[in-house]
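I opened the notebook to record a few look-ups. The entries follow the order in which I made them.

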Amino acid sequence: MTEVLRSTANNTAVAVEVTGLGKRFAVDRRQITALEDITLRIRAGAVSGLIGPDGAGKTTLLRLIAGLLAPDHGTIAVFGLDPVAQPVAVHAIVGYMPQRFGLYEDLTVQENLDLYADLHGVSADLRQERFRELLEMTQLAAFQDRLAGKLSGGMKQKLGLACTLVARPRLLLLDEPTVGVDPVSRRELWLIIERMVAAGATVLMSTAYLDEAERCREVFVLHASHLIGRGAPDEERANMQGRCFAVTGANGSKRALQTRLAEQPGLVDAVIQGDFIRVVTVDPVPPGLDELGRDFPGLRVSPVPPRFEDGFIAKLKPRIAEVTLGKMAAVSAPPAGPGAAVIEVHDVERWFGDFQAVKRIGFEVRRGEVFGLLGGNGAGKTTTFRMLCGLLPPSRGSLRVAGVDLRRAAAKARARIGYMSQKFSLYGALSVRQNLEFFASAYRLDNGRRRIRLHWALEEFQLTAHADSSSGDLPLGHKQRLALACALLHEPEILFLDEPTSGVDPLMRRAFWSAINALAEQGVTVLVTTHFMEEAEYCDRLVIMAAGSVLAAGQPQEIRAQVRRPDLPNPTLEDAFIQMLHNIAGSDVGSPQESPVTGLQGRRRQTFEQP
Amino acid sequence: MTMSARHVPLSGPSARRLRLLGLIRKEFLQIRRDPSSIAIAFLLPLVLLILFGYGVSLDAKHVRVGLVAEKPGPETSDFLSAFEHSEYFQPILFTDQRAAREALARRQVSAIVRLRSDFARLALSGQSAPIQGIVDGVDANTARLVSGYMQGVWTQWLQRQGDQRAEESTQAVEMRQRIWFNPAVRSRDYLVPGLIAVIMTLIGALLTAMVVAREWDRGTLEALVATPVSVGEVLIGKLVPYYLLGMGGMALSMVMALYLFDVPLRGSLWVLLLTGTLFLLAALGMGLLISIVSQNQFVAGQVAIITTFLPAFILSGFIFDIGSMPPAVQAFTYLIAARYFVAILQTVFLAGNLWGVIVPNALALAAMAAVFLALAWRRMPRRLG
């Protein structure tokens, strides 16, 4: 059966041909260029990746190929068909999965599948077999009669993919299918995608995860409406050969070392990875560390194999005016004894009706720590976070933040914490300055301090130039800076960050983390939630939550050590996370025998038959 | 497990039928799961009909009237007894004007009838005896009715006086009222048929205005546009379920009108069903158009209420007589589909199949339906942005 498919794929080596593509949008009388002069070819029978920062034009390109938008310039050919002139023919062979869940939440899993089978004209005799196959592949068979709206984030994405696959499209266009999806579901989505490709389909997907890009046959890098690079991840890695090194020996001051390394000339990138700092140099020579030797005796440099991400950062960094989030030097946290616990959580439970969202959890966070809270959707992460911020009272147990019992004086504790929520929660219609003024008065800063802090915020976060523009119109990066500035205005001792880097490109993420590090160096305690497993490595300590309980707690290396096995000598945090989820009974996160044991980074792309 | 073969998708009419049935089934499932659309379709007609059928009455009955006889005597009590025996009034006696005025100010009475101290003398002498009537004008409708009734009572009393005094003043002209089509002059009999138009506007326009906008809001339209579904199929897939829902609402309203409120049906049922279909298509077309243009549930809901429901309520002739509106407003009512349907409904229920009324109004409805549906079809996006 699959031979038919292979032959189609082999007949046309190029699935999509895009030439001189341009697209503009009118937004409030302004013309915004979404794509300019894009020329590319998507190879048939393989997975191609589309990467780039938010707003680079990835979604627009996918929509243009799917025939959902008409281009202003240029041409598109999908297996020789023009999506504008022959939309019906293109829609018949293309499966498009939008970034937002595009299914009917008030229909059940099965009803959604039925609808898509109807819409794509799948005949009744084929249907049953195909549904069975898709439900088995997505492991949704047990949830057939559940409303789509009641599925977890990962299951929704799998259902979305299943509905797109009912028609067996020749070309699959996936817009960030794995965003906000827990690592287990991510792996399952990838398994499905790889099975489709093995059966002859062509896949073009956009992604924010650079480790996913690594699994693609070819990757296209979009930046500010332009195509700035393309190539096979292997080639990208080859280009970076000799430029990637691990710096070890920082011992307890990993973060201080990373901050210093990031300032070194001749280095493109410096990130904490496990026990060492991973650096990328401008030229293929090891970094000169003589200068740092005084403060950090015993540093060792050893070459490491390059990753795709290194090439991405090296490519983008020169194009983007310095991304920085300020030095934070003005934050003055009260110097208390190091190691004193500032957040104490003991036997905390939270019930919503008869549903126990948080089950007797306990942990402590010490002053100046960067503490991570990890977990998939429904793990109880957000509930815990809200209780810690004093936004939600616990049902049972004790919660102390900055020495204040949250059950008695939540408001008093709130004056000493800063909070930055996942979504942009500032007033979009107010200017940058007005937002800062509002928060200054909300935190009751007196006039003198207000002036000083406002000046500090505008200067340090490089917002002076935008002080009077309305904050809703700012680019995402500026919005993030403003949100952080507002959260830091009253010089909090503890900073709560809820998914601060969700939807942010890798460069911006680095800037954010260097800001977090700088704060921690000054004694500010940072509690952060994230779903990027590699970011969890940047934390001093972390807890992994699932189904309301703490699965594991400790330093990243301790958690990684817990799952080390002979066949998995160097587990990543993601491996640990997945392994721990499998170990708890009764979770619906997938059966262990199906999932691969190595992390995404460990998996190399499969071998393809050359067309 | 091996992947099953790439299917040869169905094509032509059978594929089209499959897609349409799929869309219609989906819409019905959503209607069934969403309590708010069920409420709009079935609960709202029930509430509106009961409210208007029982609660709201434009007839003035048992209006409390303050009667002031400054110098009570046989003549005054004779006059005032006319009020006491009327089913329209519930008289309350006062002896001086001040107390009556206070009662009016406190809205304890809606009108005052004052017989001055010289009433008996003047009436007996055959001269015109002045009667002061004061009507609370806050509710203009009731005020007009009350003053009309008061005049009626006054004329009757004069007549009786005349009869008694040996018919010395024979009246040359006599006015006799005869009311056609609604002999009982029950406001319910014309409110309830008109209400059917309002209810169908709600189901037709408000519900459809919300449902396409909902698909925009939730991102489901983006996924739908990427399938082989055509614009016509999407529109028909929306029209059919809400047409059936609207006709269901109409059937419910008719059953209640005929059997609960005893409204007579003098014309034929099939005329109602046919014109109801035309009206519903116009309302659905308008709702779809609003939904397509606004692309946002909240805005669509607001626009639908302002452009369809409120005009159907106020400018259709359902409560307020179009003939007594200012000319500019009257001209505007021609743009409101409910106007034509209210005319048809009231005629078919109360007068019968008067083709002279039904045909032109039905043609107007057909034209509006065609225009709105064509606009909806044209404006329905073939792609995003």
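Which residues is Phe276(A) in contact with, leaving aside its neighbours within four places in sequence? I found Ala246(A), Val247(A) and Thr248(A). I took contact to mean C-beta atoms, placed from the backbone, within 7 Å.

The model is predicted: local features need pLDDT of at least 70, side-chain atom pairs count only at pLDDT 80 or more, and totals for chains, interfaces and linings use all residues. Residues are numbered from 1 along each chain as its sequence is written, while chains are lettered from A and ligands numbered from 1 in the order in which they are written.

Phe276(A). I placed this residue in strand β12 (residues 276–281) of chain A. Strands are DSSP runs of E, at least two residues; helices are runs of H or I, at least four; both are numbered from the N terminus. Phe276(A) counts as buried because it has 21 C-beta neighbours inside 10 Å. The cut-offs are 20 or more other C-beta atoms within 10 Å for buried, 12 or fewer for exposed, and partly exposed in between, with C-beta atoms placed from the backbone.

Chain B. I noted 14 helices and four strands. Of its 385 residues, 37% are buried.

Helix α10 (residues 269–294) of chain B. I checked its span: 26 residues at 1.5 Å a residue should give 38 Å, and the end C-alpha atoms are 37 Å apart, which agrees. The expected span is 1.5 Å times one less than the number of residues. Gln295(B) follows α10(B) and has a positive phi, near 60°.

Chains A and B. The contact takes 39 residues from chain A and 33 residues from chain B.

Note on methods:
Contact = placed C-beta atoms within 7 Å.
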